[in-house]
Amino acid sequence: MSSAIVEQLTCPCNPGFVYRSKSTYNAHKKSKKHVAYDSKRKEEAITATRRDNEIDLMNRIIGSLTRENIKLKDENEILRKEKK
Ligand SMILES: [Zn+2]
């Protein structure tokens with residue numbers, strides 16, 4: 001039994017399609033469809049990074065507010081005991 005590794009020239013912007021040669025594949029890479037797909041993917045990656053950064057920032061704010069809340073509860077408890 002013999003096996004060969006065959007490079008399949010495919011592109012995620014055109015699912016299920018196999019390009020017959022390197023030159024048709026390279027031509028596809030320069031097509032409007034592919035360029036539009038590529039820039040959309042890049043835009044999505046930038047948006048995802050921005051969103052991740054925003055989530056990180058929100059988590060830091062939550063942590064800070066949680067600590068602040070614990071501190072205020074403790075102070076409140078002290079004041080309540082002093083009042084008695
Ligand atoms: Zn493509």
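I take helices (H or I, at least four residues) and strands (E, at least two) as DSSP runs, numbered from the N terminus. I work on a predicted model, where local features need pLDDT of at least 70, side-chain atom pairs count only at pLDDT 80 or more, and totals for chains, interfaces and linings use all residues. I number residues from 1 along each chain as its sequence is written.

**Entry: S21**

I looked up S21 first. I find S21 in the loop that runs between strand 2 (18–19) and helix 1 (22–29). For burial I call a residue buried if 20 or more other C-beta atoms lie within 10 Å of its own, exposed if 12 or fewer, and partly exposed in between, with C-beta atoms placed from the backbone. S21 is exposed, because 9 other C-beta atoms lie within 10 Å. I then checked S21 against L9. The two are twelve residues apart in sequence, and their C-alpha atoms are 7.4 Å apart in space.

**Entry: N26**

I moved on to N26, which sits in helix 1. I count 11 C-beta neighbours inside 10 Å, so N26 is exposed.

**Entry: N53**

I placed N53 in helix 2. I set N53 against R20. They are 33 residues apart along the chain, and 42 Å separates their C-alpha atoms.

**Entry: helix 2**

How many residues does helix 2 have? I read 52 residues, covering 32–83. From first C-alpha to last, helix 2 reaches 75 Å. That is close to the expected 76 Å, where the expected span is 1.5 Å times one less than the number of residues. Is helix 2 largely buried or in the open? Of its 52 residues the number buried is zero, so helix 2 lies largely in the open.

**Entry: whole chain**

I list two helices and two strands in the chain. Along the sequence I read the pattern β-β-α-α. The radius of gyration is 28 Å, well over the 12 Å from the globule rule for 84 residues, so the chain is more spread out than a compact globule. I take that radius over C-alpha atoms, and the rule is 2.2 Å times the number of residues to the power 0.38. Along the principal axes, the C-alpha atoms fill a box of roughly 85 × 40 × 15 Å. What share of the 84 residues is buried? I note 0%.
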